[in-house]
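Individual residues are taken up before the contacts between chains.

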Amino acid sequence: MEWKKVVEKLFPTGHEVHQEGDLLSGEGRCGKHTVAVIGTTNHTEVGVELALAMAAAVLAVIHNHPGRPIVFLVDTSGQRLRHRDEMLGLNGYMAHLAKCVEMARRRGHPIISLVYEQALSGGFLANGMMADVCAALPEAEIRVMGLAAMARVTRISEERLTQLSISSPVFAPGAKNYLLMGGLDVLWEGDLSACLKDALEHVDANDHRRVLGLERGGRLLADVVVNRVSASA
Amino acid sequence: MENLKYRFDNGKPTQGVTAIVGVLGSGNLEVLVEPAALGGACEIEVKTAANGFDRIWQAVMKDFFARHRVGDIRISVNDAGATPAIVSLRLDQAIETYIAQGKIKT
Amino acid sequence: MTHSYYESSARARIAGLLDADSFHEWLPAADRLTSPHLAALEQSAAFDDGVIVGRGSIAGKQVFFAAQEGGFMGGAVGEVHGAKIVGMLERAVRDHPAAVLLLLETGGVRLQEANAGLIAVSEVMRAILSARAAGVPVIVAIGGQYGCFGGMGIASRCASAIIISEEGRLGLSGPEVIETVRGVEEYDSRDRALVWRTVGGKHRYLLGECDTIVPDSMEAFQRAIIACINNGEDWSLEALEREHQLLGDRVQRFGSCKDGRDIWRELGWADPDAIAMMDNDEFIAAAQGRRAKDLECADSSALEKRGDKSPHSI
């Protein structure tokens, strides 16, 4: 879905969200809340500039609007795959963004993310996956890597991977698989504004994804392992 | 993947502490040695990525048991295509570590 | 006799760094908490899923640790592997050891467990930050054959401090990945000197992507870890804003550089090619005043003069 349409549906009573390059920023109104909006569009690759710009936007919200909820609108085809960005330390910029999000959370800002188009690996880790509530539109594409590329890297045939992906949510792309594994809290359908309002009312700052994965049957061991480490001598 | 099992009876019951040796990386293997009440037997289980080498494994394990004659021990092996020489070396290291750690403890 | 960190296995590293007889492992190999996803792919699963977690002490101070084994699937993070690290970190929030030690050697997400691996890396990131917010310093050591890449390259920079050796490599996308996608003109992954100038320990040190650089020995890593434990934890908005300033300056100053050499020249190294030949002590001495953060310090008076303009405005 186009970002303007998403924003209109999220904030039917009004918003000022604008696009600058591939960066989205601004604010919208949702019931009694005014929320900060930070996001990306055009399936952009997140490089050092964009990661830094998002971090700046988060820090600005912390400074100017203490406690204001932050909504990340996620559309990225991953980290920028360039020698130059690697040389400059793109991982450090991504981590900086993640730390800014964590700082916001710990200072009382509810963090919501919505994958409205694409979310791929590195570009997703530093913002969308840092949220208290991570949501996606059902048609959103979420993945580490497509099956064809995965087949090349792992030297397992694409046919076999496709077959395995029917019974296991582990390999194949897709919002539903991430939902089953607890990587997504919820799929948003229909009235997006109501979905957002609901999410804002149920924000939990603790990371409960492994519990969701267990409850939904898509990731059975993570929670067990964490609890066993916790209970060890 | 192949799963192979061996059992050698009438070994000498050997005290020790659970030991892990080696890494499951290409051309290498990891060996886990644990105490087990097996009436003096030594049981070995091998999981290997390379199929069709069961007779070689059999010979390597027989040699290992002839060298050490350890009993009341369970050995578990994860193999990623190691040569027989590497396998023998890791098995020797593992049993030696198992026994040495046992001596420190007591 | 010095022991190479680079050449050691994860178990040898942790044994070499901890005080004698202080090693205690959680979910050891005998528990057989192996990956549930590899058998379907006809791949062998290691008893410990490629990571050792537990507690011990260094110079008498209690530390919790995770040590990744690069030899098993390149240290890649799967469901169990990641959950072991998360469990250890969450335990640190509860038990407050003097520090958490992460000996990272990893390509990032384990593709054989793609989605589970990605979520696990995200959980590790959040758990690192939780430990820091609870006042527990999280110290990363990088000096193995496989470097530290992918999502774990991001996770490592979420930690309080990074110790790297000259042989250590730190980044997000590995050279091979970029070459595969963009072509050899963009990044020749077989040009080892180029890779080293892009993600190698000395470059990361000069850029400020790591805190300490050490020679490749267990003793040197241990000394650096003790120093980092003593430095404690600084999880604060102020620290984050300083970092923001540094990262902003970096893009401005070096954003148009084509090669690590250009950055080093910009930092005042008249002969950048000499850097590769310097031993660690010589390099650290020469790097005094020639790291990116030193430039920022030199400019700090200018910064203050910017007055009310907040450091995070873009």
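In this predicted model, L24(A) lies within strand β2 of chain A, which runs over residues 23-30. L24(A) is buried, with a relative accessible area of 0%.

**The surroundings of L24(A)**

- Apart from neighbours within four places in sequence, L24(A) is in contact with W3(A), V17(A), H18(A), Q19(A), V37(A), I38(A), G39(A), T40(A), T41(A), L73(A) and Y116(A).

**An enclosed helix in chain C**

- The buried residues of α6(C) are L194(C), V195(C), W196(C), R197(C), T198(C) and V199(C).
- The cover over these buried residues includes elements of chain C, namely α5 (175-182), α7 (201-207) and α10 (260-266).
- Chain A also takes part in covering the buried residues of α6(C), through its helix α3 (83-87).

**Residues with positive phi**

- H43(A), a residue other than glycine, has a positive phi near 50°.
- H43(A) is placed in the loop that links β3 (33-40) to β4 (44-46) in chain A.
- The relative accessible area of H43(A) is 33%, so this residue is classed as partly exposed.
- D21(C), also a residue other than glycine, has a positive phi near 65°.
- The loop between α1 (10-17) and β1 (24-26) of chain C holds D21(C).
- D21(C) is exposed, its relative accessible area being 77%.

**An annotated serine in chain B**

- An unreviewed UniProt entry lists S26(B) under "modified residue: O-(phosphoribosyl dephospho-coenzyme A)serine".
- In the model, S26(B) is found in the loop between β3 (19-22) and β4 (29-35) of chain B.
- Is S26(B) buried or exposed? With a relative accessible area of 79%, S26(B) counts as exposed, because that value is over 50%.

**How the chains are paired**

- Of the 2 pairs of chains that touch, chains A and C have the most contacts between them.
- Chain A and chain B are joined by no contact, and their closest C-alpha atoms lie 14 Å apart.

**The interface of chain A and chain C**

- This contact involves 76 residues of chain A and 83 residues of chain C.
- The size of an interface is often expressed as the accessible area lost when the parts come together.
- Between them, chain A and chain C bury about 6900 Å², and 65% of that area is on carbon and sulfur atoms.
- The interface of chain C and chain A has 6 salt bridges.
- A salt bridge joins the side chains of R82(A) and E186(C), with an N to O distance of 2.8 Å.
- There are also 43 residue pairs in polar contact across the interface of chain C and chain A, both residues of each pair being at pLDDT 80 or more.
- On the side of chain C that touches chain A, helix α3 (residues 114-133) of chain C provides the largest share, 14 residues.
- That side of chain C is made up of 40 nonpolar, 22 polar and 21 charged residues.

**The interface of chain B and chain C**

- Here 13 residues of chain B are in contact with 14 residues of chain C.
- About 1100 Å² is buried between chain B and chain C, with 62% of it on carbon and sulfur atoms.
- How many salt bridges cross the interface of chain B and chain C? The count is 1 salt bridge.
- E34(B) and R32(C) form a salt bridge in which the closest N and O atoms are 2.7 Å apart.
- Chain B and chain C have 5 residue pairs in polar contact, both residues being at pLDDT 80 or more.
- On the side of chain B that touches chain C, β4 and β7 (73-79) of chain B each supply at least two residues.
- The residues on that side of chain B divide into 6 nonpolar, 4 polar and 3 charged.

Key: Residues are numbered from 1 along each chain as its sequence is written. Chains are lettered from A and ligands numbered from 1 in the order in which they are written. This is a predicted model: local features need pLDDT of at least 70, side-chain atom pairs count only at pLDDT 80 or more; totals for chains, interfaces and linings use all residues. Side-chain values use heavy atoms; hydrogens and water are left out. Contact means heavy atoms within 4.5 Å. UniProt positions are given in the numbering used here, feature names are shortened, and annotations may be inferred rather than shown by experiment. Helices (H or I, at least four residues) and strands (E, at least two) are DSSP runs, numbered from the N terminus. Buried means under 20% relative accessible area, exposed over 50%, partly exposed in between (1.4 Å probe, protein chains only). Buried area is the accessible area (1.4 Å probe) that two parts lose on being put together, summed over both. A salt bridge is a side-chain nitrogen of Lys or Arg within 4 Å of a carboxyl oxygen of Asp or Glu. A polar contact is a pair of N or O atoms within 3.5 Å; within protein, one must be able to donate a hydrogen and the other to accept it, and residues adjacent in sequence count only if both atoms are side-chain atoms. Ala, Val, Leu, Ile, Met, Phe, Trp, Tyr, Cys and Pro count as nonpolar, Asp, Glu, Lys and Arg as charged, and the others, Gly among them, as polar.
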